Amino acid sequence: MGIFDAIKNEIFIDIIEWIEEDNNTIAYRYDRRGNDIRNGAQLTVREGQCAIFVNEGQLADVFTPGMYELETENLPILSRLKGWKYGFKSPFKAEVYFVSTRILADFNWGTPSPFSIRDPEFGILTLRARGHFSFHVIDAGKFIKGIVGTEGEFTKSEIKDRLRQRFVTQAQSAIAGSGKAFYQMAENLHDLSLELKDRLNEKFNSDFGMTLDDTSIQAIEPSEESMAKIESRDSDMFTDSRIDNYERQARVDALKIMAGNPGAGGLAAGGMGMGMGLAMGNQMGHQMGGGMYGMNPAMGMGAAGMGAAAPPPPPQAASWYLSIQGQQAGPIAPQGLMQYAQNGQLTAETMVWKQGMAAWTPARQVAELAQLFGPP
């Protein structure tokens, strides 16, 4: 700084202010030569800001939006810390921090590695989750003390790094502790997001002087290993929400034993071999009865008696599952979806899933279902 600048600072009244040049800076320490502030200096605090005076590391007076002439009367805490009994003599030294109090958005978070949950249908699954949050500062003193510290400038990217781990930890706890099955999570993201917000808000208020305006879990996705496990179990167990888990598993175990047991005669190579790829319940009983090739008049008795192998079943189109009023419906053959659309149970906003999809998705976003809803 030149001689002229030094003289100018001694003669003219100080103007202390923060002109925000971008939306990235959250906190800013006013840069003043020697931190000298004159008696009668003008402090300008703009809307969406507050100013804090700090004396030797101790928080002092806080100013909300407005224009102030700095005197002993409006610096009561600093006056006490400085020991001013009859007004301060110019100049005095103090640090001034400005903090943005506007809503700060566009903070994304995501789990860096998969975390485990116990699913009532599939056992242990490993999942990933991601989302976003926004917040604003409600107590600038706590925010300076808990987040900013002594840094001269604090940006959005820095606070994201400091808060992200807290979000990830609490998000994992909220998801794992929800007690919801994996298939239910997609339709309950809103409730899970509210639970996450409640978990975090109390801690952020008390420790950092912040309140969360929006906390969102945008997606919960299985890892590759868990996706393979889900697809395999769906295929093996013919997932049907109307049959409880124990009964479904017992029937599947029975099918596997019978289908692989040579002592069952033509049963393994005939109807039960096909039954492994078809529906259970009444259909299974039908396959065990007259549906076996060895007893089908159209095939003739001789074919089974001669030990001829049954041809493989024709390829099946993947079945669909729907979320209807919080309940899972399915499996539904593709040709059966039209009936659900006609009776209003399948709409463009209905969450749908089939084997091979990464997550439950609104029907309007699935190209092969678009024809059910007509032109947009």
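Predicted model: local features only at pLDDT ≥ 70, side-chain atom pairs only at ≥ 80, totals over all residues.
R130 and E221 form a salt bridge, and their closest N and O atoms are 3.3 Å apart. R130 has a relative accessible area of 40%, so R130 counts as partly exposed. E221 is partly exposed as well, at 30%.

A search of the whole structure finds 8 salt bridges. Another of them is R102 with E20, with the closest N and O atoms 2.7 Å apart. Here too distant parts of the chain are linked: R102 is in the loop between β9 and β10, E20 is in the loop between β1 and β2, and they are 82 residues apart. R102 is partly exposed at 21%, and E20 is partly exposed at 27%.

Next is R199 with E195, where the closest N and O atoms are 3.5 Å apart. Both are in helix α6, residues 189–208, and because they are 4 residues apart there, about one helical turn separates them.

Last, I26, in strand β2. Is I26 buried or exposed? I26 is buried, because its relative accessibility is 0%. Its contacts beyond four places in sequence include W18, F98, F135 and T155. The C-alpha atoms of I26 and T155 are 5.3 Å apart, although 129 residues separate the two along the chain.

Terms used: Residues numbered from 1 in each chain as written. Heavy atoms only, no water. Helix = DSSP H or I, 4+ residues; strand = E, 2+ residues; numbered from the N terminus. Buried < 20%, exposed > 50% of the residue type's maximum accessible area, 1.4 Å probe, protein only. Contact = heavy atoms within 4.5 Å. Salt bridge = Lys/Arg side-chain N within 4 Å of Asp/Glu carboxyl O.
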